Amino acid sequence: MHLTRVQLSNVRSWAELTLDLAPGVTLISGANAAGKSNLVEAIYMLAALRSTRAQTEGELIRWSAPEPQVARVAGCAVAGDESVEVEIALAAREGGSASHARQRSGAPLTSKRIRVNGVARRAADALGAIRAVQFTSLDIELLTGSSGLRRRFLDVAVGQLAPAHAAGLSRYQRALTQRNALLRRIAEGRARESELDQWDDLLSAAAAPIWEARAAAAVVLSTHAQEQHRSLRAPDDPTETIALTYVPADQPTLRESRRRDLARGTTGVGPHRDDLLIDLDGRPAANFASRAQQRAVALGLRLAEADYLRSQRDDPPVVLLDDIFSELDPERRERTAAAVSKMEQLILTSADPAAAPLNRSELAASYQIVDGRLRPLD
């Protein structure tokens, strides 16, 4: 799969942008705060259908966007003989640019519309129309951050191949919200404990396919991650290995945990409590790996995600690398460049084009961001 065109309108620092793309490597350079990460974030939204950086989607709307405030991301992609168009529009709710309809962050409340080939779709149904993998310097948090980040890593990978997984997660979350609300009503004496039975059954039924899909994906991802890590690891440690293990939280059944759930007013067992263990040489990478090792492991995870998507569909995803070469030592730069240059389409950014050890004659295109505009790089 490769993107043929990306269009942005009022997305963060970008007022307007139309970028035609070809297979191969596209390099985008620019000074810090020029808009490189904003562009990669927007492109990845075509696959994930949400931002990986924003706390609220209203943050994506350009601050000085004219009324009515609407941010739009659209993209066309080709996979084999088939083409697909995805469009995401975020509109500030009426009055959003004034004092009302704004959140504490100052960003407006928004409504969201997703279209695939011109047809309105729910996010759960549109996931996977365009498949992509994104790596940024923040991905080190896959190792050091909360378990929720690792669960999302698994869920996005699975969901891009099986939209039913995303739909199942939505059903699970709705049932979980309802059960937690009921727990609070029971504590307040406004509901009976027996009313939990139906929600316990619904949650249990929704949880089973989530566990199954995540566990199966973790096995395949672990194999790909080991292969990728072998190509990225330092030459002075040829035996260094990584492993991924999906670990459902220690969990009795919902009925067995009911007393504790009633006491704390929330559901303490289920897929929303699980984790993905990431080990380096048999020890947690978050605790025992150096910073350089953690970067290599995080990159290996993303490249493993790309391998996973390709292996399941025989069609490689678009790969996005946001300013990663500047944080790598020369040896890892060369190894990383060799690994990613094999992708069908790679879009990478760099504050310093010289930091990316790529053969300029083999680039599909190269650009520089100057004053908010994209210009061909000489």
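Alanine 243 stands opposite aspartate 279, a residue of β10. This pairing belongs to a predicted model, in which β10 (residues 275–280) and β9 run antiparallel and are joined by six bridges.

- Three strands, in the order β9-β10-β11, form an open sheet whose pairing is antiparallel.
- The edges are held by β9 (242–247) and β11 (283–284), each of which has a single partner strand, so one side of each is left without a neighbour in the sheet.

**Helices on the sheet**
- Helix α6, which spans residues 196–232, lies across β9 and β10, and its direction runs at about 175° to β9.
- Helix α9, formed by residues 291–313, also packs on the sheet, where it touches β9 and β10, and its direction makes about 125° with that of β10.

**The cavity**
- With a threshold of 30 Å³ or more, the count comes to one cavity, and the space in the largest cavity is about 30 Å³.
- The lining of the largest cavity is made up of Val11, Met45, Leu60, Ala71, Arg72, Val73, Ile88 and Leu90, which divide into seven nonpolar residues, no polar residues and one charged residue.
- Both β4 (70–79) and β5 (82–92) supply at least two residues of this lining, and the largest share, three residues, comes from β4.

Methods
Residues numbered from 1 in each chain as written. Predicted model: local features only at pLDDT ≥ 70, side-chain atom pairs only at ≥ 80, totals over all residues. Heavy atoms only, no water. 1 Å grid on protein atoms, 1.4 Å probe; cavity = no way out; pocket = protein on both sides within 12 Å on 5 of 7 lines; lining within 4 Å. Points joined across faces, edges and corners; volume = space filled by probe spheres on them. Helix = DSSP H or I, 4+ residues; strand = E, 2+ residues; numbered from the N terminus. Nonpolar A, V, L, I, M, F, W, Y, C, P; charged D, E, K, R; others polar. Pairing = 2+ DSSP bridges. Contact = heavy atoms within 4.5 Å. Axes fitted to C-alpha atoms, helices over the stretch in contact; angles between N-to-C directions.
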